[in-house]
Every structure is written in structure tokens, then in C-alpha cells.
Amino acid sequence: MNAIRSSSMGDGPLASGAPAPDHPRRPPSPLDHVSIWGELGDVDHSLRHVDVGGVRTRVLQAGSGPDLILLHGTGGHLEAYARDIAGLADSFRVTAYDMVGHGWSDLPDTPYTIDVLSDHLIGLMDALGISRAHLSGESLGGWVTAWTAAYHPDRVDRLVLNTPGNIANKPEVMARMRDSTLAAVQDPSDPTVRRRVEFLFHHKEMVTDELVNLRRSVYSRDGFLRAINNTLVLQDPVVRKDFAWDPAWVGKVTAPTLLLWTEHDPTGGLDEAAMLLDWLPDARLHVIADAGHWPQWEKPDEFLGAHHDFLILGQDPS
């Protein structure tokens with residue numbers, strides 16, 4: 001059993017949940033995962049490109065029910081959720097997509113600031129006929145979903161911010177993200193890209209050759225170096241200041257919000273989660289033990305359970 005901590009507005013200090021097990025936890029095994037598309041082998045789904053204001057946008061949809069849109073992180077792609085889509089499709093109409101300038105979506109030559117990424121999300125919802133949806137975003141995707149909830153509250157039901165990262169806008173975190181990502185795109189060799197992917201994981205042994213090679217294919221696309229520079233403007237403190245996490249705009253998020261944190265997130269600790277708990281009008285925290293920046297991959301069962309409890313039952317994750 002994982003040790004879980006949770007907190008809600010007004011609950012005071014973060015409290016410990018279940019006691020630690022008497023025996024050491026067995027690390028997750030990469031053998032639990034066969035392949036990215038093997039995860040979807042028995043799930044009816046569609047994978048296509050949709051025109052969003054002239055941007056050819058890669059979209060995967062599966063399941064039926066309330067709409068849930070999943071957003072990946074910096075330099076990522078929809079396969080970041082490969083281990084979750086089947087489980088989520090039991091309860092939701094799931095939409096995962098490659099943000100503009102990412103994955104196999106178009107790479108227009110313009111800075112991909114948070115407002116641009118948010119506008120692309122709203123445009124995608126319009127193109128798909130989705131009037132309102134639950135939003136769940138990881139890392140950069142969490143930043144985009146929070147901004148969208150603040151400035152387009154009529155389009156958002158509930159919100160999950162999954163390891164959104166660097167809420168405190170620390171220059172050293174920005175530099176590490178910029179340098180590691182740029183190095184992998186400039187030299188998309190196996191060792192360089194593998195280091196970038198391993199950054200996302202607490203259990204490095206879960207990084208598969210397939211996942212590395214997929215990221216290498218993305219990073220090797222014509223124009224992707226220009227595109228990643230257009231994304232990494234967000235790691236420039238001068239550009240970032242217009243979009244940085246700040247109570248002035250975060251406080252406008254009226255959607256009930258789940259902060260999904262981990263014990264080993266390399267981009268921000270529980271002190272930063274506490275900042276968001278103070279700023280958000282209606283928020284609670286769930287901490288996943290023994291995971292890094294990608295709990296949706298390292299701990300899919302707990303990730304799915306948290307989404308089901310919060311989005312379907314309207315309860316804090318147990």
C-alpha cells in the first residue's frame with residue numbers, strides 16, 4: 001500500500017495517511033507494460049488529425065461519458081497517457097492530443113506561450129464539438145489547463161493539475177528544463193534522449209526502448225529544433241513573467257481542482273503544492289508515493305483511481 005498524504009483548503013499542515021508497510025515496497029516492474037499500443041489493443045479508439053485554426057492537430061479519442069481532455073508536458077506527446085487511456089475510457093470520453101508545436105501536430109513558427117497553448121486547446125474543443133470538459137494536465141499541460149480554467153471558466157468542469165512543476169518560478173529549475181530538453185533535440189541520439197526521458201521517472205528502469213525511440217522520432221522531425229525553442233521561451237524569466245504562476249490569476253480558477261503531486265517530482269516539492277492550495281479557491285492535494293514527474297506512467301492504478309474518485313464521484317481521492 002502506498003503512503004498517501006492529502007490536504008484541502010483550511011485543513012492546516014499536510015497530514016500523513018496510511019502507515020508505511022512492514023516490508024519494503026517492490027518497485028514497479030517494466031514487465032507490467034508490454035507496449036504503448038498494446039495498452040490500447042482491446043480499446044475502441046480513433047487516432048486522426050483535426051484542423052484547429054489552421055494547425056493540423058493529432059488527436060486520440062476513446063470511450064464515452066463525460067468529456068476528459070489530457071494534456072502532456074514540454075516536448076511531449078499524447079502517448080504520455082498510454083497506460084491510462086484504456087482505464088479512463090471506462091468512465092469518460094477521453095481526448096488526448098499533441099499540443100501545437102509538439103508531437104506530430106503542426107509546428108508553426110511562433111512562441112508557444114501559455115495563452116497560445118490555451119487558445120489551441122479551446123480551438124480543439126470547438127473543432128470537436130466539446131462545450132465543457134474535465135481537464136487533466138501534466139507539467140506544462142497543467143499550467144495550460146489552469147490558465148484555461150482561469151480565463152475560460154465556462155469551458156471547464158473539474159481540473160486535475162498533475163505535477164505542474166516550478167510553481168515558485170525558480171531559475172535553476174528553468175535552466176535544467178531548458179538545457180536537458182534542448183540537448184536532446186539538438187542531438188536526438190539514444191543516450192541523450194534517454195537521459196531526458198529518465199528525468200521524468202523515479203524508477204528509471206521503467207523507461208523502455210520504445211518510449212525513447214518514440215521521443216527520438218518526434219525530436220528528429222523537420223523543424224522541431226525551432227519548435228522546441230519556441231516552447232522553451234517559457235523558461236526565459238523575462239517571457240515567463242507574463243504567465244508565471246501567480247495568485248492574481250490562479251485565484252480566478254473557480255473549478256474544483258485536484259493537485260496530483262508525487263514524492264519525487266524533480267520540478268517542485270510539496271512546498272509548492274502548498275502555495276497552490278493557498279491560491280486556489282477550491283483545491284485539495286493527493287500525493288502519490290514512490291513516483292516522479294510521470295505518475296500516470298509509474299503508478300497508473302493510483303492515477304486512475306484519483307481521477308475516478310474526484311471527477312466521477314466528486315470525492316477527494318482515498
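## Helices H4 and H7

In this predicted model, helices H4 and H7 are roughly antiparallel to each other, a term for angles over 145 degrees, since their axes cross at roughly 170° and come within 10 Å. H4 covers residues 171-186 and H7 covers residues 224-231.

The contact (heavy atoms within 4.5 Å) is made by Thr-181, Leu-182, Val-185 and Gln-186 of H4 together with Phe-224, Leu-225, Ile-228 and Asn-229 of H7. These residues divide into five nonpolar, three polar and no charged.

## Helices H5 and H6

Helix H5 (residues 190-198) packs with helix H6 (residues 209-219) at an angle of about 105°, their axes being 9 Å apart, and the two are therefore roughly perpendicular to each other, the word used for 65 to 115 degrees.

On the H5 side, Asp-190, Val-193, Arg-194, Arg-196 and Val-197 take part, and they meet H6 residues that include Leu-211, Val-212, Arg-215 and Tyr-219. The residues of this contact divide into five nonpolar, one polar and six charged.

## The nonpolar core

The largest nonpolar core has 97 residues, and those with the most contacts inside it are Ile-69, Phe-201, Trp-245 and Leu-276. Such a core joins buried residues (under 20% relative accessible area, with a 1.4 Å probe) through side-chain atoms within 4.5 Å.

Leaving aside neighbours within four places in sequence, Trp-245 is in contact with residues including Trp-143, Leu-161, Pro-164, Asn-169, Leu-276 and Trp-279.

## Basis of the values

Residues are numbered from 1 along each chain as its sequence is written. Local features need pLDDT of at least 70 and side-chain atom pairs count only at pLDDT 80 or more, while totals for chains, interfaces and linings use all residues, and side-chain values use heavy atoms, leaving out hydrogens and water.

How values were computed
Axes are lines fitted to C-alpha atoms, for helices over the stretch in contact, and angles run from 0 to 180 degrees between N-to-C directions. Helices (H or I, at least four residues) and strands (E, at least two) are DSSP runs, numbered from the N terminus. Angles under 35 degrees count as roughly parallel, over 145 as roughly antiparallel, 65 to 115 as roughly perpendicular and the rest as oblique. Ala, Val, Leu, Ile, Met, Phe, Trp, Tyr, Cys and Pro count as nonpolar, Asp, Glu, Lys and Arg as charged, and the others, Gly among them, as polar. Buried means under 20% relative accessible area, exposed over 50%, partly exposed in between (1.4 Å probe, protein chains only).
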